[in-house]
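Please consult the display below alongside the text.

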Amino acid sequence: MKFIKRETLKQKPDFNQLVFGKYMTDYMLEMDWDNGAWGEMTIKPYADFSLSPASMVLHYGQGIFEGAKAFKNEEGKITLFRIDANLNRMNKSAIRMSMPTFDVEQVKKGIEQLVSIEKDWIPVGEGKALYLRPTMIATEPTIGVKTCMHFKFYCICCPVASYLTGINSLCKIMIEDKYVRACVGGTGEAKCVGNYGASFLAMEEAKKKGYNQVLWLDVNHKYVEEVGTMNVMYVINGEVVTPALSGSILHGINRDSAITLLRGKGYTVREEYTDIADLLKAVKDGSLTEMFGVGTAAIVSPVGVLGYEGKDYEIGGNKVGPVSKLLFEEMMGIQRGKLPDKYGWVTEIKQ
Ligand SMILES: Cc1ncc(COP(=O)(O)O)c(C=O)c1O
């Protein structure tokens, strides 16, 4: 691994006034793939890079990314949460998008080194972390629709506070009945750039109507899929339900962690298809008492209001429910090295 040192370090932002994704750290990790092989991994100063206007990612959307976090607790212990799962998922996205896979152990080592170098950029406190964005793009300068022969992998980092509203306030979610995010056989299971570009219009329209995010349904607008950048869970008659991995939903790492943790605490967790009509019926008759999104950025984001066809429905009295609270505390505790890591999810960064 090569390391190129900066002359001077950047001024850090006020960690009490963080805006998600705005402030990049001093360094980035980079590795290029040319004609069949990855080159040397380099940690170098964070900077713009030049791309040909003909680069394939700019024309055909051949780009994938991940979102992971590094945490620092009050004792100064630095941890990564399920980074192997992120890198394995990135390789799956790479296969779906006809891009090269990489050696997970090697990239994990590079990320550990990057986080260790950037340790002063990791904010301490509830909901705070250093967000890691591993990315891969097709860089071959051609507009021919062909197999790409040049790719760039890089990882950038930014200090973040809670995304969306955090655990203490609730989201207002609109059920999306016009647009769809993905379909079976498409790219919904891949974390590829096009999925997000295609989702902004729905999100903006929902925001104009006063909602934080949309709840995506399947291609026939019948079954519940996921929330903007989170998987979704609800508590019905005391049992936790989450949409089954249908082929068009992202295999969320926090979804998997939440299922494991809740089952470990004795909850029944069912992965099944939920008809939106049944979900609304359960909201109206009060058997659905809690709903929340789970994902890396927000960890656990409770939903207080669900909007559908111009009407708003309150969930659980628009209050944060006990399952959301329990899950948030467990996840935070494990991620920040405060609770035992029973499932082997945490990597401690040696300092
Ligand atoms: C569309 C979508 N669904 C679900 C998730 C949650 O996945 P994870 O828990 O791995 O962050 C994300 C965030 O990555 C996402 O973008």
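In this predicted model, a polar side-chain atom of Glu 226 is placed 2.5 Å from a nitrogen atom of the ligand. The protein covers 96% of the 390 Å² of accessible area that the ligand has on its own.

**Ligand shell**

- Two or more residues of the shell around the ligand come from each of helix H6 (253–264) and strand E16 (288–295).
- There are 16 residues around the ligand, and those that come nearest are Arg 89, Lys 191, Tyr 196, Glu 226 and Thr 296.
- The side chain of Tyr 196 has an N or O atom 2.5 Å from an oxygen atom of the ligand, while Ile 253 places a backbone N or O atom 2.8 Å from a ligand oxygen atom.
- The shell comprises five nonpolar, seven polar and four charged residues.

**Largest cavity**

- Two cavities of 30 Å³ or more are present in the structure, and the largest has a volume of about 70 Å³.
- The largest cavity lies between domain 1 (2–160) and domain 2 (171–334), because both give residues to its lining.
- Its lining residues include Lys 69, Phe 71, Ile 253, Asn 254 and Thr 296.
- Strand E6 (68–72) provides the largest share of this lining, with three residues.
- By class, the lining of the largest cavity has four nonpolar, five polar and one charged residues.

**Second largest cavity**

- The second largest cavity holds about 30 Å³ of space, and among the residues that line it are Leu 170, Glu 290, Met 291, Pro 302 and Lys 319.
- E16 and strand E17 (299–308) each give two or more residues to the lining of the second largest cavity, and E16 contributes the largest share, three residues.
- This lining divides into five nonpolar, four polar and two charged residues.

Notes. Residues numbered from 1 in each chain as written. Predicted model: local features only at pLDDT ≥ 70, side-chain atom pairs only at ≥ 80, totals over all residues. Heavy atoms only, no water. Near = heavy atom within 4 Å. Polar contact = N/O pair within 3.5 Å; in protein donor to acceptor, adjacent residues only side chain to side chain. Areas by Shrake-Rupley, 256 points an atom, 1.4 Å probe, with all protein chains shown as cover. Helix = DSSP H or I, 4+ residues; strand = E, 2+ residues; numbered from the N terminus. Nonpolar A, V, L, I, M, F, W, Y, C, P; charged D, E, K, R; others polar. 1 Å grid on protein atoms, 1.4 Å probe; cavity = no way out; pocket = protein on both sides within 12 Å on 5 of 7 lines; lining within 4 Å. Points joined across faces, edges and corners; volume = space filled by probe spheres on them. Domains from an automatic or database assignment.
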